[in-house]
Amino acid sequence: MQRRSRGINMGLILLLSQIIQVGINNIPPVTLATLALNIWFFLNPMKPLYNSCLSVEKCYQQKDWQRLLLSPFHHADDWHLYFNMASMLWKGINLERRLGSRWFAYIISTFSLLTGVVYLLLQFGFAELMDEPDYRRNCAVGFSGVLFALKVLNNHYCPGGFVNIWGFPVPNRFACWAELVAIHFFSPGTSFSGHLAGILVGLMYTQGPLKKIMETCAGIFSSNIGYPQQQYYSNSSGYSGYQNHPYGRPGYTEVPRNYDAYTAGLSEEEQLERALRASLWDRGNTRNSPPSYGFHLSPEEMRKQRLYRFDGQ
C-alpha cells in the first residue's frame, strides 16, 4: 500500500482555522458533528480509498454495500476535504438553524445514503445507454453529492437573488445547474454523476415525495410525533441558544445573518472558487500529488496511484 507523501495538509489547516474563526460554540451541533466526522475519517480512514469508494461494479456486482455508508465520508486529499467542509459549514449553519437539529440530522443521514443510490443508478444507466462499461467501474468518494442536495434545499428556502459563479451572476434557482456544468468543465477528476445525484435528491425533497416519506417514517418510528425541534436563534453577540418549533413544521422566520466575521465578506461561491484556485496552485507546486480532488476517481487514476490512506504520514 502506498502512503501519502509527508507534508503539511494546508487544506486541513485552513479548514480548522475557519472553524476556529466561526467559533465552535457558534456552529450548530449536527453541522459540527458532520465536520468532525469527515475530518476524523480523513485522518483515520476506516479503509483505504479504493476499498471505500462507490461504483456499480464494487457495490452492486460484488455486493459490497457498505461502500454506500463509507464513500461520502472519505476524501481524496486535504483540499478536497476543505472544499467540501467549507461549503458544509456555511450550508449547515443556515439550514440547521432553519430546520432544527434533529430534522437536519435526519436529512444528512438520508441524503448521504440516497445520493449514493441515485449515483449508482445514474452510472448504471449511462453504462447501458452509451454502451460504455467504464461507467460501472468509475469509483467515487466525497461529500459533495450531499452538498449539492443541501444547496437545492438552501435555494428552495431562500429563493430570489443571484450568486456569483466563476465571475458570472446566476439566479439562485439555476445556481445548482450552473455549478454542475462549471465544476464538470473546470475541475477535471470530479464526478458529474455524483453531483447530479445530489441535485436530483434535493429536488426529490423540495419538489417530490421524499419529504413526506421522511415525515411518515419519522412518525412511525417516533413515540411522540409532535415533539418539538430545536432551532438556533441569534442576538448581537451571535448564536445564544435554541428555540422550539413543531416537528415536521420547521420555522421559516428569517434570522439576521452576519457571516462576514469568517468569510471576509465573500459569498459561498467566491470562497469555494478561492479554495479551488489555492488547490490548483498547491498541486502545481507539489510532486507526486494525489488525484484531482472531487467526487470521482477513475480506474486509471486508481491503477496509477495504487492504494493509499490519508494518515498524514
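Reply: Here are some labels, each set against its cut-off. This is a predicted model: local features need pLDDT of at least 70, side-chain atom pairs count only at pLDDT 80 or more, and totals for chains, interfaces and linings use all residues. Residues are numbered from 1 along each chain as its sequence is written, and side-chain values use heavy atoms, with hydrogens and water left out.

Me: What makes Arg-136 and Glu-128 a salt bridge?

Reply: A salt bridge needs a side-chain nitrogen of Lys or Arg within 4 Å of a carboxyl oxygen of Asp or Glu. Here the N to O distance is 2.0 Å. Therefore the pair counts as a salt bridge. Glu-128 is partly exposed, at 45% relative accessible area. Side chains of opposite charge can pair when their charged atoms come close.

Me: How many salt bridges are found in the whole structure?

Reply: A search finds four. One of them joins Asp-134 and Arg-137, with the closest N and O atoms 2.4 Å apart. Those two are three residues apart in helix α7, so about one helical turn separates them. Helices are DSSP runs (H or I, at least four residues), numbered from the N terminus.

Me: How do you know that Lys-151 and Glu-179 form a salt bridge?

Reply: Their closest N and O atoms are 3.4 Å apart, and the limit is 4 Å. The pair links distant parts of the chain: Lys-151 sits in helix α8 and Glu-179 in helix α9 (residues 175–186), 28 residues apart. Both residues are buried.

Me: Why is α6 called oblique to α8?

Reply: The two helices pack at an angle of about 130°, with their axes 9 Å apart. Angles under 35 degrees count as roughly parallel, over 145 as roughly antiparallel, 65 to 115 as roughly perpendicular, and the rest as oblique. That makes α6 oblique to α8.

Me: What makes Asp-131 exposed?

Reply: Asp-131 has a relative accessible area of 66%. The cut-off for exposed is over 50%, so Asp-131 is exposed. Asp-131 lies in the loop between α6 and α7 (134–137). Its phi is positive, about 55°, although Asp-131 is not a glycine.

Me: What about Lys-63, buried or exposed?

Reply: Lys-63 is exposed, with a relative accessible area of 52%. Lys-63 is in the loop between α3 (56–61) and α4 (67–70).

Conventions: Axes are lines fitted to C-alpha atoms, for helices over the stretch in contact, and angles run from 0 to 180 degrees between N-to-C directions. Buried means under 20% relative accessible area, exposed over 50%, partly exposed in between (1.4 Å probe, protein chains only).
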